[in-house]
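Welcome, and thanks for taking a look at this one. Here is a short briefing to read alongside the sequence and the structure.

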Amino acid sequence: MFEAKLVCTHCGAEYPLASGLYKCPKCGAPLDVTYHYDDIANLIEDDDPWFRESPHVWKYWMFLPVSNLKRIVTLNEGGTRLYRLKRLEEKLGFGKLYVKYEGENPTGAFKDRGSSVEITKALEFHARKVIVASTGNMAASVSAYGAKAGLEVTIVVPEGTPGEKLTQARMYGAKVEVFGKTYDEALAEAERKAMEEDYYLTGNYHYRVEGQKTTGFEILDQLRYNVPDWIIVPIGAGTHLRAIWKGVKEFYKVGLVEDLPRIAGAQIEGYDAIVRAWKTGKPIEKVQKKVPTIASAIAVKKPVDGENVIRAVRESDGHLDTVTNRETAEAGMLLGREGIFVEPSSATALALAKKMREEGVIDKDETVVVVATGHGLKDVKTWEKVLSGDFVV
Ligand SMILES: [Zn+2]
């Protein structure tokens, strides 16, 4: 409705929205959807009922690229709570510490925001069958939304994907194909099948970004447009971080906020392609070795949105670093003591917040929001191993 065009995030080439592309044909980089921001600003200005509405993904429909709101595919995603962690903020020495708990989404992970938009678009493009590569959470999420829309869903996952996530996808009726040892290999296979076998390709592409940016919208909305000093996000493919930055910038463009937060991203040790490039100033290079990790959901060797993560962090004067399995396990247990059970990869954000506070990157009076991307029930076996000492961290 208010969307304008697709723009390449690397070379700036522009394409019409109806082109059906999923990456830039010229350079292969991810694309962004842009909007007529002045029109959005006019629409929401002084719209009191809109401001009073509780946050959820489709509250922000004017920032989303759909042509018919009557045909959206939704399971009431988003609207996840923002919890203040008072005891923890005192213990660790933050001004204010919040967790945006994305485990409260319909399939237990942040991915549902993006899936709702992507599957809505799949229907607009008259797709019958969709395919997605995933480390597990996106597979379960696309399967649920595909089921809701009556589409056939095939998911491609690497060996070692947690069984809970595959069971979840199968219960939603998806076909599961195990391919390769890593997410990157599964992704190449999904893209090949999409090209050759007429699947609608879902995954870390621009329509998903549009759904995922609502995490950023909701954080600002829930803080009553008081901008936090930091938003800290786990990095797998980097799409969520990139999307949150796009979202907060869009709120800034339409005048909803007068300031921007700094964005920080956490990679798990062993899968540090972006952090290494950030620290050395060199191009992002694929991590070569597969190492044991408790954070399988973010164990990505070459993140598709790596360049966009670095740009977001640079633009926001933010921060990037790795955290260890041990730091992540400890952070997960700290969240547990606050009544919040997250999957291991989600705990990297708090682990990084703690590290940044200890290193003085975050000041003692600053407000910090950590994004916890998935529910702990998503990966119980890994926590069992940590608790029993079977995974030495
Ligand atoms: Zn390009």
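Predicted model: local features only at pLDDT ≥ 70, side-chain atom pairs only at ≥ 80, totals over all residues.

**A crossing pair of helices**

- Helix α13, which spans residues 325-336, packs against helix α15, residues 380-388, at an angle of about 100°.
- That angle falls in the 65 to 115 degree range, and α13 and α15 are therefore roughly perpendicular to each other.
- The axes of the two helices lie 12 Å apart.
- On the α13 side, T328, A329, G332 and M333 make the contact, and α15 contributes W383, V386 and L387.

**The zinc site**

- Which atoms hold the zinc ion? The SG atoms of C8, C11, C24 and C27 coordinate the zinc ion, at 2.3 to 2.4 Å.
- Along the sequence, these donor residues follow the spacing C-x2-C-x12-C-x2-C.
- The arrangement around the zinc ion is tetrahedral because its 4 donor atoms subtend angles of 99 to 119°.
- For comparison, ideal angles at a metal with four tetrahedral donors are 109.5 degrees.

- Within helix α11 (residues 273-280), the residues A273, I274, V275 and A277 are buried.
- Their cover includes β11 (262-268), α12 (306-315) and β12 (319-323).
- Just after α11 comes G281, whose phi is positive, at about 75°.

**Two loop residues**

- T182 sits in the loop that runs between β8 (175-178) and α7 (183-197).
- Is T182 buried or exposed? With a relative accessibility of 8%, T182 counts as buried.
- Leaving aside residues up to four places away in sequence, T182 touches P158 and K301.
- E45 is found in the loop between α1 (37-44) and α2 (48-52).
- E45 is exposed, and its relative accessible area is 52%.
- From E45 to T293 there are 248 residues along the chain, and the C-alpha atoms of these two residues are separated by 47 Å.

Notes. Residues numbered from 1 in each chain as written. Heavy atoms only, no water. Axes fitted to C-alpha atoms, helices over the stretch in contact; angles between N-to-C directions. Helix = DSSP H or I, 4+ residues; strand = E, 2+ residues; numbered from the N terminus. Parallel < 35°, antiparallel > 145°, perpendicular 65-115°, else oblique. Contact = heavy atoms within 4.5 Å. Buried < 20%, exposed > 50% of the residue type's maximum accessible area, 1.4 Å probe, protein only. Donors = N, O, S within 2.8 Å, 3.2 Å for Na, K, Ca; no water. Tetrahedral: all angles 85-135°; square planar, octahedral: opposite > 155°, others 65-115°.
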